[in-house]
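User: Hello! I am new to this structure and would like to get to know it step by step. Could you take some questions from me?

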Amino acid sequence: MSGAVAGAAAGGGRAAARAPGRVRRTVLRGLPLLPAVALLLLFLAGPIAYCGYLAFTDMRLTGASATHFTGTANFRWALADPGFRNAVVLTVVFVAGSAVAGQNTLGLALAALLRHASRPVRRITGAVVIAAWVVPEIVAGFLLYAFFRREGTLDAVLGLLHLPRQNWLFTLPMLAVSLANVWRGTAFSMLVYSAALDAVSRDVLEQAELDGAGAVRRMWHVTLPLIRRSVGTNLMLVTLQTLSVFGLLWAMTRGGPGDRSQTLPLFMYEKAFQQSLIGYGTAVALLLLVVGALFSVGYLRLLRGEL
């Protein structure tokens, strides 16, 4: 018994002797990361912390000298503001319609169809879809404004087909901007799903086909479970990208007519820079972060079995 105690004491002594050396090696390994950590604190964490402070003040563009700490007044003001609630609803509609249902579904469909297409068709279709993606957001906004506006390209096509013509940006602004976002962002989802589908074993699909599963059942019961991680990752990325879309909406509708296409980024811009309410606009920006976090939590729960 006494020998065991002595051995344990000796082992503890050796561990205590090794501890300073282990700490020294950990510190030395971490030294090269210090510049990166300092840059992150300076250019990422610092501005976020400053914005968090502004959200609790009444700062205006007239200057910081008259700024006062107002507590949660800006957040209570936002939650009671009908304009803010309207922007939240339109943001959710815009994200659900153009990102989740539009970009995600169309990207998956294109990736699945192009997998069985000939090489020339794949190259031409891929080039057309990706060309829309690489166009700068503000340029895409002006292009689609010319397409949807009164007497624009779409209106002219409807006229040639003797169909009713209308000003899409006035009568159906959310539909127009949602279709524009689908047109511009589908390429990202297509690339994600193309890589995911290439990783699915053809033997598994052929076995399912031999078992009598049609194309739809193979996609639903075999392919989608196998690419579940890619589906969740793509949904999270396109959702966060769409939440921050500003230039496209600003170029096409500027949130109008009235506030019928005013999503949270446009509402925040109006309050902060057009009405000079920097504190209130920053509070709206933080609430936009909360909306993004809620979407992210939902997708993380979807991936919970994979992580």
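This is a predicted model: local features need pLDDT of at least 70, side-chain atom pairs count only at pLDDT 80 or more; totals for chains, interfaces and linings use all residues.

User: Which residues in H6 meet Thr-153, Leu-154 and Asp-155 in H7?

Analyst: H6 covers residues 137-148 and H7 covers residues 153-160. On the H7 side of the contact are Thr-153, Leu-154 and Asp-155. The H6 residues that meet them are Ala-146, Phe-147 and Phe-148.

User: How do the residues of the contact of H6 with H7 divide into nonpolar, polar and charged?

Analyst: Ala-146, Phe-147 and Phe-148 come from H6, while Thr-153, Leu-154 and Asp-155 come from H7. Sorted by type, the residues of this contact are four nonpolar, one polar and one charged.

User: At what angle do helix H6 and helix H7 pack, and are they roughly parallel or roughly antiparallel?

Analyst: The axes of H6 and H7 lie 4 Å apart, and the angle at which the helices pack is about 30°. Angles under 35 degrees count as roughly parallel. That angle therefore makes H6 and H7 roughly parallel.

User: Which residue caps the N-terminal end of helix H10?

Analyst: Helix H10 covers residues 202-210. Just after H10, Gly-212 takes a positive phi of about 95°. At the N-terminal end, a side-chain oxygen of the capping residue lies 3.2 Å from the backbone nitrogen of Asp-203. That cap is Ser-201.

User: Where is Pro-257 found, and what is the peptide bond from Gly-256 to Pro-257?

Analyst: Pro-257 is found in the loop between helix H13 (247-252) and helix H14 (264-274). The peptide bond that reaches Pro-257 from Gly-256 has omega near 0°. This bond is cis.

User: How far apart are the end C-alpha atoms over residues 168-193?

Analyst: In an unreviewed UniProt entry, residues 168-193 are among those annotated "transmembrane region". Over this stretch the chain is 96% helix and 0% strand. The end C-alpha atoms are apart by 32 Å.

User: What is the radius of gyration of the chain, and why is the chain described as more spread out than a compact globule?

Analyst: The chain has 15 helices and zero strands. For 307 residues the globule rule gives 19 Å, and the chain is well over that, so it is more spread out than a compact globule. Along the principal axes, the C-alpha atoms fill a box of roughly 100 × 75 × 35 Å. The radius of gyration is 27 Å.

Note on methods. Residues are numbered from 1 along each chain as its sequence is written. Side-chain values use heavy atoms; hydrogens and water are left out. Axes are lines fitted to C-alpha atoms, for helices over the stretch in contact, and angles run from 0 to 180 degrees between N-to-C directions. Helices (H or I, at least four residues) and strands (E, at least two) are DSSP runs, numbered from the N terminus. Angles under 35 degrees count as roughly parallel, over 145 as roughly antiparallel, 65 to 115 as roughly perpendicular and the rest as oblique. Contact means heavy atoms within 4.5 Å. Ala, Val, Leu, Ile, Met, Phe, Trp, Tyr, Cys and Pro count as nonpolar, Asp, Glu, Lys and Arg as charged, and the others, Gly among them, as polar. UniProt positions are given in the numbering used here, feature names are shortened, and annotations may be inferred rather than shown by experiment. A polar contact is a pair of N or O atoms within 3.5 Å; within protein, one must be able to donate a hydrogen and the other to accept it, and residues adjacent in sequence count only if both atoms are side-chain atoms. The radius of gyration is taken over C-alpha atoms; the globule rule is 2.2 Å times the number of residues to the power 0.38.
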